[in-house]
Amino acid sequence: MKPTDVGPTRMGPTDVGPTDVEPVHEEPSDGPPQPKRRRRRPGPFTLLALPGLTVVVGFAAFMAATGRLSSAWPEDSDAHTTTAGSAATDRVDASYVPWLRAAARTCTLLKPSVLAAQIDRRSHWNTDPATLSGAVGIAGFTESQWRTWGKDSDGNGKSSPRDPVDAVMALARQDCALAADVTRLRTRGTVSGDLLDLTLAAYTVGTDSVTRAGNVPSSARTYLADVRKLSARYRTFDREENANPGGGKASAVLAPPVTTLVISSPFGSRKHPLTGVTKLHTGVDFAAPRNAPVSAARQGRVVFAGMTKAYGNRVVIDHGTIGGRRLETTYSHMSSLLVGAGQSVGAGAALGFVGSTGLSTGPHLHFEVLVDGAYTDPMPWLAVAH
């Protein structure tokens, strides 16, 4: 059966996923009455020049409001960011920049600007900071941390947290390991949120704190805000990474996971039907009869298959790298599963059956597409009939 045209439906089950004015009182005067002053008539300047000046000022205000006249005050922080960015990048030895780019390639989540921002936040690029906790070097590694993440990355015969190159590469290894941890937690429905935010939160307050909070803990928000602000100053370091901006672009490479694509809730911000919380709906809900078959949208390897609290019976498939970016799909709320973790599947392989397990209001398939660990609108990726 050919899949139908997709489009939002009106109904269907979805997942949970006059101001008072004071009178003016005139105080009585104790002195004799004063003669009234004659009101002056408007002079020639007022009569001739003021109307013209009013028109000019009004026109200027209109032009500024419509963006046709530059304002003396910047409307955003671009000018400040540019100036601050120049000052920030001047602190970085030019020889470190290729290593920042190489370190960012440790995993698809990282960018050189993020690593640079973490180091700036930690040490302001001071090559020999030390703290009472024993953390040293630009990335602030303790001795025990260095035993886990440290290596002689530049081949100078010595592995040291005081060596900036070794420290940059070690920081990337640590970040990527944390990203893998929170990815597994998010896949199981234990935590939710942006993958990079969760990773940085785990870096600053620990993975256990993120797990207990189920998202970014309040204790990590200041750190995230600082790194986000600082990373804008180092964006020039990312240019090499963005040489092929078209890589990984959605191009209808996925087959429909259910026979009939009737959208009951699209991708995007919405108010959760059960919790009442407004947040990102991370996938698309396809309304379908209970026990309708669910199939793999593309060949790949099952990295998770099991029951979760929010998603119910859930399957996650890793499809590998497409256009230089990692692609994953998820299938949730199924009544039962036909595959297990570690199993390789082909496009169209049976994964399970439509259900309403987990936080759900009725039978449907919650389908997600993740690109480099970030949720994206699944519809451009699906090959559908029009």
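A crossing of two helices is called right-handed if the near helix is turned clockwise from the far one by less than a right angle, and left-handed if the turn is anticlockwise. The model here is predicted, and in it the crossing of helices H4 and H9 is right-handed.

The contact behind this crossing draws on both helices. From H4 come Ser113, Val114, Ala117, Gln118, Asp120 and Arg121, and from H9 come Tyr223, Asp226, Val227, Leu230 and Ser231. By class, the residues of this contact divide into 5 nonpolar, 3 polar and 3 charged.

As for the geometry, H4 spans residues 112–123 and H9 spans residues 221–231; their axes lie 8 Å apart and meet at an angle of about 120 degrees. H4 is therefore oblique to H9.

The second topic is empty space inside the model. Such space is found by rolling a probe the size of a water molecule over the atoms. The largest cavity has a volume of about 80 Å³. Its lining consists of Thr183, Arg186, Thr187, Arg314, Val316, Glu328, Thr330, Leu370, Gly373 and Tyr375.

Which elements supply at least two residues each to the lining of the largest cavity? They are helix H6 (164–187), strand E7 (312–322) and strand E8 (325–334). H6 gives the largest share of the lining, with 3 residues. In terms of residue class, the lining of the largest cavity divides into 3 nonpolar, 4 polar and 3 charged residues.

Key. Residues are numbered from 1 along each chain as its sequence is written. This is a predicted model: local features need pLDDT of at least 70, side-chain atom pairs count only at pLDDT 80 or more; totals for chains, interfaces and linings use all residues. Side-chain values use heavy atoms; hydrogens and water are left out. Axes are lines fitted to C-alpha atoms, for helices over the stretch in contact, and angles run from 0 to 180 degrees between N-to-C directions. Helices (H or I, at least four residues) and strands (E, at least two) are DSSP runs, numbered from the N terminus. Angles under 35 degrees count as roughly parallel, over 145 as roughly antiparallel, 65 to 115 as roughly perpendicular and the rest as oblique. Contact means heavy atoms within 4.5 Å. Ala, Val, Leu, Ile, Met, Phe, Trp, Tyr, Cys and Pro count as nonpolar, Asp, Glu, Lys and Arg as charged, and the others, Gly among them, as polar. On a 1 Å grid over the protein atoms alone, a cavity is a set of points where a 1.4 Å probe fits but cannot get out, and a pocket is an open set with protein on both sides within 12 Å along at least five of seven lines; lining residues have an atom within 4 Å of a point. Grid points are joined across faces, edges and corners, and a volume is the space filled by probe spheres set on the points.
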